[in-house]
Amino acid sequence: MHSTHIIFSGIEKRFGRKPILINSTLEIKSGECILLCGNNGAGKTTLLRILAGLDVPDAGYVSTGLGKHPWKQCRQQLRNTTVYLHQEPYMFDGDVISNLNIALQKPYSRKKRNGRVLSAIKWAGLEDVAHNAARTLSGGERQRVAIARAWLREPDILLLDEPVTNMDQRSRSSTIRLLHNLKQQGMALMITSHDPLHFEALADTSLRISDGSIRRYLSKDNVTPIHSRIRRNEQLK
Amino acid sequence: MGDSTSITRDAIYLLFSGDAELWAIIGVSFQVSTTAILISIPPAIAIAFLLAYTDFPGRRLTISVFNTLLAVPAVVIGLTFYLLLSRQGPLGDWRLLFTQSAMVMGQIALSFPILVAMGHAAFQAVDKRAWETARTLGASPSFAFYTVMREARFGLLAAMFAGYGRIIAEVGASMMLGGNILHYTRNIPTAIALETSKGEFSQGIALGLVLIILALVLNMSLQYFQGKGQVSS
């Protein structure tokens, strides 16, 4: 993982005549967690997929330490430095171990590969399900497998699309704990969510996307009493 | 013509007595069809993948063309290649007519649409997130392709077996392009046609049995692999 400071600017995306993103700007730094909220269809997933290099914007620039370049020129770099986690992570046919192995693209020796996979299993608390077929896992376990794959890949930026949707309290806490850990390791996180309250303790910056534009709407220094109370309750649990 | 019991008994005897002529015919069949399917598989699977995972002008038309080619009879493929490879044809200088190479060409043309159409369906059945997940986890395009292929393996195997089943049993193209020359281009279907026309039913039935056993083996193999990949309860 490297120290990262990337600025995305002028991002535009339309679906047919409907503008989804209009001249959007976004800044991501190492060890920072950005929470992106918005209604269904507001463009949260689209934005994340553009940042991951999966979808092509109509326009957009990426500024790194090496200057400002059109998005298309940086697509490969974005793919190399980000990992995108789908709302429902895809599990490949096979057990959890084989799913984790897919994240190890470097030519590791068998011993080192096994060691890395075992570390990931331990880190994500997947010991009990390590030999289970990944497709038979619960939503929370799948999410932890997906995050463990990202941990093995060590991206500079992790992009998560609604990572705790439809999860019970326990699974949600486990997932958020792993994300906390990744943040502490210096990974930049960008999370989309319908429900920002779950990530109050994790997010440094909260943004809202609506009508194609991104606005800052809540920060850690500006929490309302009710948010503060909910956060305290979550932490107590 | 003897009674059917004695004919079948003679056929089984021929098959298991190691009759050189019979086994030469079986050898030609397997050699030609295996060569054809092995040549067809890589480009056909690549095209099937591109049709499922990319968008380009003419994609829908290409899919329609391959689906249409599924229905073209073997004898029409044979006729087309006959015209191409005959002395007066555009490829006449290659001197390939009535050779195993000509038979291979015909069988490639027959198996290719099956591999593409069924391969396309197999790739379509795989969630697009498989490709995206592999790519976002740092896989190169070729490794991500391999990963998606692994996810679609049962459908792809079915495509390969169906393609192989079609070409090893076809008679039209092999007869027209191979010429049914003993020890060289006579394969199982052309031999069955010839022996039956001569009233030699024993050899025809023996060769027919080989095709039936082959079909059974292919289907059982597919069942075996698919059984392992069954949906869990």
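Q: Where do Lys198(B) and Glu195(B) lie, and how many residues apart are they?
A: In this predicted model, Lys198(B) and Glu195(B) are both found in helix H10 of chain B, which covers residues 188-198. They are three residues apart, about one turn of the helix.

Q: What do the side chains of Lys198(B) and Glu195(B) form where they meet?
A: The general idea is that side chains of opposite charge can pair when their charged atoms come close. Here the side chains of Lys198(B) and Glu195(B) meet in a salt bridge, with 3.6 Å from N to O.

Q: Is Lys198(B) buried or exposed, and is Glu195(B) buried or exposed?
A: Relative accessible area decides the matter: under 20% is buried and over 50% is exposed. Lys198(B) has 53% relative accessibility, so it counts as exposed. Glu195(B) has a relative accessible area of 3%, and therefore it is buried.

Q: How many salt bridges does the structure hold over all chains?
A: There are eight salt bridges over all chains. One of them is formed by the side chains of Glu132(B) and Arg49(A), at 2.4 Å from N to O. Glu132(B) belongs to helix H6 of chain B (residues 128-136) and Arg49(A) to helix H1 of chain A, so this pair joins two chains.

Q: Are Glu132(B) and Arg49(A) buried or exposed?
A: Glu132(B) is buried, because its relative accessible area is 10%. Arg49(A) counts as buried because its relative accessibility is 13%.

Q: Which residues are linked with Arg49(A) in a network of salt bridges?
A: The network of salt bridges links Arg49(A) with Asp55(A) and Glu132(B).

Q: What can be said of the cover of helix H1 of chain A?
A: To read the cover of a helix, one asks which of its residues are buried. Helix H1 of chain A (residues 44-51) is mostly covered, with seven of its eight residues buried. Among the buried residues of H1(A) are Lys44(A), Leu47(A), Arg49(A) and Ile50(A). Just after H1(A), the residue Gly53(A) takes a positive phi of about 80°.

Q: Which residue forms a salt bridge with Glu151(B)?
A: Glu151(B) forms a salt bridge with Arg135(A), and their closest N and O atoms are 2.3 Å apart. Glu151(B) lies in helix H7 of chain B (residues 141-151), while Arg135(A) lies in the loop between helix H4 (110-123) and helix H5 (139-153) of chain A, so the pair joins two chains. Glu151(B) counts as buried at 14% relative accessibility, whereas Arg135(A) is partly exposed, with a relative accessible area of 38%.

Q: Where does Lys183(A) lie, and which residues is it in contact with beyond its neighbours in sequence?
A: Lys183(A) is part of helix H6 of chain A, residues 169-184. With 15% relative accessibility, Lys183(A) counts as buried. Leaving aside neighbours within four places in sequence, Lys183(A) is in contact with Gly31(A), Cys33(A), Leu189(A), Leu202(A) and Asp204(A). A polar atom of the Lys183(A) side chain lies 2.9 Å from the backbone oxygen of Leu202(A).

Q: How many aromatic pairs are found over all chains?
A: A pair of aromatic rings is described by the distance of the centres and the angle of the planes. A search of the whole structure finds 11 aromatic pairs over all chains. In the case of Tyr90(A) and Phe92(A), the ring centres are 5.1 Å apart and the planes stand at 80°, so the pair is edge-to-face. Tyr90(A) counts as buried at 7% relative accessibility, and Phe92(A) counts as buried at 1%.

Q: Which residues of chain B are linked into a cluster by ring pairs?
A: The cluster consists of Phe49(B), Tyr53(B), Phe123(B), Trp131(B) and Phe145(B).

Q: Which residues make the nonpolar surface patch of about 520 Å²?
A: This patch is made by Leu79(B), Tyr82(B), Leu83(B), Phe98(B), Ile181(B) and Tyr184(B). Leu83(B) is placed in helix H4 of chain B, residues 74-85. Leu83(B) is exposed, with a relative accessible area of 52%.

Q: How many helices and strands are there in chain B?
A: Chain B has 11 helices and zero strands. Of its 233 residues, 45% are buried. The C-alpha trace of chain B spans about 65 × 55 × 25 Å along its principal axes. Chain B exposes about 11700 Å², and carbon and sulfur atoms supply 66% of this area.

Technical notes: Residues are numbered from 1 along each chain as its sequence is written. Chains are lettered from A and ligands numbered from 1 in the order in which they are written. This is a predicted model: local features need pLDDT of at least 70, side-chain atom pairs count only at pLDDT 80 or more; totals for chains, interfaces and linings use all residues. Side-chain values use heavy atoms; hydrogens and water are left out. Patches are made of residues with over 30% relative accessible area and no salt bridge: like charges are joined within 9 Å, nonpolar side chains (Val, Leu, Ile, Met, Phe, Trp, Tyr) within 5 Å. Accessible areas come from the Shrake-Rupley method with a 1.4 Å probe; for residues, only the protein chains shown count as cover. A salt bridge is a side-chain nitrogen of Lys or Arg within 4 Å of a carboxyl oxygen of Asp or Glu. Helices (H or I, at least four residues) and strands (E, at least two) are DSSP runs, numbered from the N terminus. Buried means under 20% relative accessible area, exposed over 50%, partly exposed in between (1.4 Å probe, protein chains only). A polar contact is a pair of N or O atoms within 3.5 Å; within protein, one must be able to donate a hydrogen and the other to accept it, and residues adjacent in sequence count only if both atoms are side-chain atoms. Contact means heavy atoms within 4.5 Å. Rings of Phe, Tyr and Trp (its six-membered ring) pair if their centres lie within 6.5 Å; planes under 30 degrees apart count as stacked, over 60 as edge-to-face and the rest as tilted.
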